[in-house]
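Subject: Structure for you to look at

Hello,

Here is the structure I said I would pass on. Please open it and keep it beside you while you read my notes below.

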Amino acid sequence: MVEDPSAKRTPSTGKRLLRHLPGLFFREEIRSYLRGGGVLDAYPEIARRKIMPRDIERRVLSAFEGKPICRKTSCGVAYAHGTVEYNGHFGIRGICNVCPADQVARCAGSDRTPSAEAVLELARTVSLDPGRIDIDERRIEVEGSTEQQRYFIEHSLNYQVHDRRHPHLPNRHGRAEIGWS
Ligand SMILES: [Zn+2]
């Protein structure tokens, strides 16, 4: 399923049109809901992350070549509002190479690795083990975290926060394995 938010125009500009292709969140609740409506399973299994198989992504990207498109919802939201993307996807590389050039420039201008002090202070605020934190030029890695703890740090810093239990593989950031193995 490819969401098409092009109908949602921002009140401020009224004219930024954009597609994004984040994939289908095919979790148990969504599968049950769809089954309840008589919809056949789109995939044989559920997944923790969104499903966007390689072949479908390739087809969407070629169909929208030359038009604004983003892989991530947050990139699309940032583009529509003319702000820096808040999840720090730019730092991961390979995600934002399809984002509109002016959006890439905006995110590049504010992309910087946060200091250990800043990360530790936020980690302490959400009671994460400060001894299990690793910071590099792409992401912050923590351990034993919940989504809420990670998002608090991520959105405070505009920088990706991952848990060691759920590593993100190169070029498969935030994707389910379905359609990529
Ligand atoms: Zn982006």
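Ala101 belongs to helix 4 (residues 101-110). Its C-alpha atom is separated by 9.0 Å from that of Pro68, 33 residues apart along the chain.

Please note that this is a predicted model, in which local features need pLDDT of at least 70 and side-chain atom pairs count only at pLDDT 80 or more, while totals for chains, interfaces and linings use all residues. Residues are numbered from 1 along each chain as its sequence is written.

On confidence: pLDDT is the predictor's confidence in each residue, from 0 to 100. The chain averages 87, and 88% of the residues score at least 70. Confidence is lowest in strand 1 (residues 19-20), with a mean of 78, and highest in helix 5, at 97. Over residues 1-11, pLDDT stays under 50. Where pLDDT is low, the predicted coordinates should not be read in detail.

The chain has 6 helices and 5 strands. These are DSSP runs numbered from the N terminus: helices are H or I with at least four residues, strands are E with at least two. Of the 181 residues, 28% count as buried.

Next, the helix pair. The axes of helix 5 (residues 116-125) and helix 6 (residues 147-157) come within 9 Å and cross at roughly 145 degrees. Axes here are lines fitted to C-alpha atoms, for helices over the stretch in contact, and angles run from 0 to 180 degrees between N-to-C directions. Helix 5 contributes Ala118, Val119, Leu122 and Ala123 to the contact, and helix 6 contributes Phe152, Ile153, Ser156 and Leu157. Two residues are in contact if their C-beta atoms, placed from the backbone, lie within 7 Å.

There is also an open sheet of 3 strands, in the order 3-4-5, with mixed pairing. Strand 3 (134-135) and strand 5 (161-163) are at the edges with a single partner strand each, so one side of each has no neighbour in the sheet. Two strands pair if DSSP finds at least two bridges between them. Strand 3 and strand 4 (residues 140-142) pair in the antiparallel sense over 2 bridges; Asp134 has Glu141 of strand 4 as its bridge partner. Helix 6 lies across strand 4 and strand 5, and runs at about 155 degrees to strand 5.

Now the loop between helix 5 and strand 3. Is Leu128 there buried or exposed? Leu128 counts as buried because it has 24 C-beta neighbours inside 10 Å. Beyond four places in sequence, Leu128 is in contact with Ala123, Val142, Ser145 and Gln149. Ser127 lies in that loop too, but is exposed, with 9 other C-beta atoms within 10 Å.

Last, some backbone angles. Most residues other than glycine have a negative phi. Ser127 is not a glycine, yet has a positive phi of about 60 degrees. Arg93 is not a glycine either, and has a positive phi of about 65 degrees. Arg93 sits in the loop between helix 3 (73-81) and helix 4, and counts as partly exposed, with 13 C-beta neighbours inside 10 Å.

Regards

Terms used
Buried ≥ 20, exposed ≤ 12 C-beta atoms within 10 Å, placed from the backbone.
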